[in-house]
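Hello,

Please look it over alongside the notes below.

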Amino acid sequence: MKNIQQRVLAVLLSTACLGAFAAPGEGGMPPPQGPGQGPGPAMGAHGPHERGPVFGHGVDLTDAQEDKVFAILHAQEPKRREHRRALHNAQEALRALGNAEQFDDTRASSLAQAAGNALAALALLDARTDAQVRAVLTPEQRKQSADNRPRHQPRP
């Protein structure tokens, strides 16, 4: 009995943690506020549908570089949507299972694994996209990007 309770608690905690990484506006989560907040590239100046660069502000791009960055971001968007949808669906199914009359540990484990895989795929996609965009930059622009990147304050 204690083992089952620990598993249920672990699944519920993992669901809650994964919910924090849900795509903006999905799963009842409010969208992150401000540029560069939340998973994925920074939000563009024109709203969530026009993504900005994944590097720091203050880096001037040539028209050719802007076109390359746009192409990179545009090409990865279908996969991003697919992974967000998979994450959202797994989280919703886990929530429903947690509220069900009969808890199925095997199904919950499978759903938690699916959610984790989707989250990992999103993280990998972000890293790959970031590397592709940085490859477009000149060494001087990369230095500017690193210098202009917001620094996170350590938590107390």
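Gln65 is found in helix α2, which covers residues 63-99. The model is a predicted one. With a relative accessible area of 8%, Gln65 is buried, because the cut-off for that term is under 20%. A polar atom of the Gln65 side chain lies 3.0 Å from the backbone nitrogen of Thr62. Neighbours within four places in sequence aside, Gln65 is in contact with Asp60, Val136, Leu137, Thr138 and Gln141.

Two of these contacts, Val136 and Leu137, also belong to the largest nonpolar core. The most comes from α2, which gives three residues. Another core, of five residues, lies apart from it; Leu87, Ala90, Ala118 and Leu122 are among them.

The other residue I looked at is Ser145, in helix α4 (residues 139-148). Ser145 has a relative accessibility of 0% and so counts as buried. Between the C-alpha atoms of Ser145 and Arg134 the separation is 9.2 Å; the two residues are eleven apart along the chain.

Regards

Definitions and conventions: Residues are numbered from 1 along each chain as its sequence is written. This is a predicted model: local features need pLDDT of at least 70, side-chain atom pairs count only at pLDDT 80 or more; totals for chains, interfaces and linings use all residues. Side-chain values use heavy atoms; hydrogens and water are left out. Helices (H or I, at least four residues) and strands (E, at least two) are DSSP runs, numbered from the N terminus. Buried means under 20% relative accessible area, exposed over 50%, partly exposed in between (1.4 Å probe, protein chains only). A polar contact is a pair of N or O atoms within 3.5 Å; within protein, one must be able to donate a hydrogen and the other to accept it, and residues adjacent in sequence count only if both atoms are side-chain atoms. Contact means heavy atoms within 4.5 Å. A nonpolar core is a set of buried Ala, Val, Leu, Ile, Met, Phe, Trp, Tyr and Cys residues joined through side-chain atoms within 4.5 Å.
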